Structures are given as structure tokens and as C-alpha cells.
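Thanks for coming. I have one structure to go through today, and I will take it residue by residue before I turn to the whole chain.

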Amino acid sequence: MSKSIYVLNGPNLNLLGKREPGIYGGQTLDDIKASCIAHGEKLGFTVDFRQTNHEGVLVDWLHEAGEKALGVAINPGAYGHTSIALHDAIRGIGIPVIELHLSNIHAREEFRHKTMTSAVCKGVICGFGPVSYTLALDALAHVTR
Ligand code: CA2
């Protein structure tokens, strides 16, 4: 069985570290990618880290992960709040998916309090900034061993 973990990122996360550092912190997505790869190595995982602004691409990557990966950590961005397509894809792929958010979505605007994706994920981590990503990898190590 492959030890590959997909870390998937949704819309606008490519802007991290460039705008709104008050909410999302100063690290760029490349910084987060580097810490995920390093943390993944410690856990025995090969991390495949990706970002897209397109909902259908996230669906395609989830399907691909279902064929090739042990599990997925996903920051769906705003699509988490809106996307039945992501809900259906996560439900269909048969490997554990951990949803994560940098910010505590429950402490923000009411429209961020619910996600379409959380009920079909193994668990949800939010509010720890970039550490949410490494915590999601720890959670995947926990549920895949
Ligand atoms: O807290 C998170 O990780 C979010 O998934 C981030 C999404 C937001 O829509 C979710 O409610 C919570 C937004 C990512 C956009 O990031 C930006 C970064 C810098 C400047 C503008 C947007």
C-alpha cells in the first residue's frame, strides 16, 4: 500500500502571506508546503501538496487520491461552505479525509460556521494557523495505523 498523502488546497489559498496576514498569518503556501513535506517524512508519508482555484479540479484530485493515496488532508477554502460536489467526492473515495482550516471558522462570520464537507470527513481541525496542516497529518497517521 502506498504511503502517499495528498494535501489539497482550495481557492485563494495561493494568496496566503501576501494579503490579510491578520487573519491567516504571514506564512505563504510554499512555507506550509515545506513544513508538510518535512512533517510527513517524520511520519513516514510522502506528501503530495497541491492548490487550485477550481472546484472541479479538487473533485478530480480527490478521485485520484482514492486510487493512489492512503489519505487526504484538505483545506477546501470557501468551497467547503458551498460545495455538494466536494461532499459527494469525499464520500465516494473510500479513504480517510481530514478537513482543515487555518482560522477558527466558528469564531468568524456565521456563513463560515457550517461546511458541506465536514460530515463526510473523518474529522475536522481548525483555528491553529499553519499548524492545522501538521495536526491534520498527525490525525491521518492516527487513523491509518
Ligand atoms: O481558515 C481557512 O483556512 C479557510 O478555509 C480560508 C478560506 C475561507 O474562505 C474559509 O472560510 C476558511 C479563505 C482562503 C483565502 O485566503 C486568503 C489569504 C490571503 C488573502 C485573501 C484570502
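Ile23 sits in helix 1; helices here are DSSP runs of H or I with at least four residues, strands are runs of E with at least two, and both are numbered from the N terminus. With a relative accessible area of 40%, Ile23 is partly exposed. On that scale, buried means under 20% relative accessible area, exposed means over 50%, and partly exposed is in between, using a 1.4 Å probe and protein chains only. Ile23 and Asn104 are 81 residues apart in sequence, yet their C-alpha atoms are 9.8 Å apart in space.

Before I go on, a word on what you are looking at. This is a predicted model, in which local features need pLDDT of at least 70 and side-chain atom pairs count only at pLDDT 80 or more, while totals for chains, interfaces and linings use all residues. Residues are numbered from 1 along each chain as its sequence is written, and side-chain values use heavy atoms, with hydrogens and water left out.

Most residues other than glycine have a negative phi. In the loop between strand 1 (4–9) and helix 1 (21–24) we find Asn12, which is not a glycine but has a positive phi of about 75°. Glu20 lies in the loop between strand 1 and helix 1 too, and its phi is also positive, about 50°, although it is not a glycine. Glu20 counts as partly exposed, because its relative accessibility is 49%.

Next, His87. It belongs to helix 5, residues 84–92, and is buried, at a relative accessible area of 16%. What does His87 touch, apart from its neighbours within four places in sequence? It is in contact with Met116, Thr117 and Val120, where contact means heavy atoms within 4.5 Å. Ser103 is 16 residues from His87 along the chain, and the C-alpha atoms of the two are separated by 21 Å.

For Cys121, the nearest is that of Cys126, at 12 Å. Cys36 counts as buried because its relative accessibility is 0%, and Cys121 counts as buried at 11%.

Finally, the whole chain. The protein has six helices and five strands, and from the N terminus the order is β-α-α-β-α-β-α-α-β-β-α. Its radius of gyration is 14 Å, close to the 15 Å that the globule rule gives for 145 residues, so it is as compact as a globular protein of that length. That radius is taken over C-alpha atoms, and the rule is 2.2 Å times the number of residues to the power 0.38. The C-alpha trace spans about 40 × 30 × 25 Å along its principal axes.

Of the 145 residues, 46% count as buried. Taking contacts between residues at least 6 apart in sequence, 78% join residues at least 24 apart. The protein exposes about 7,200 Å², with carbon and sulfur atoms supplying 53% of it; the area comes from the Shrake-Rupley method with a 1.4 Å probe.

That is what I have; questions are welcome.

Terms used
A disulfide is a pair of cysteine sulfur atoms within 2.5 Å.
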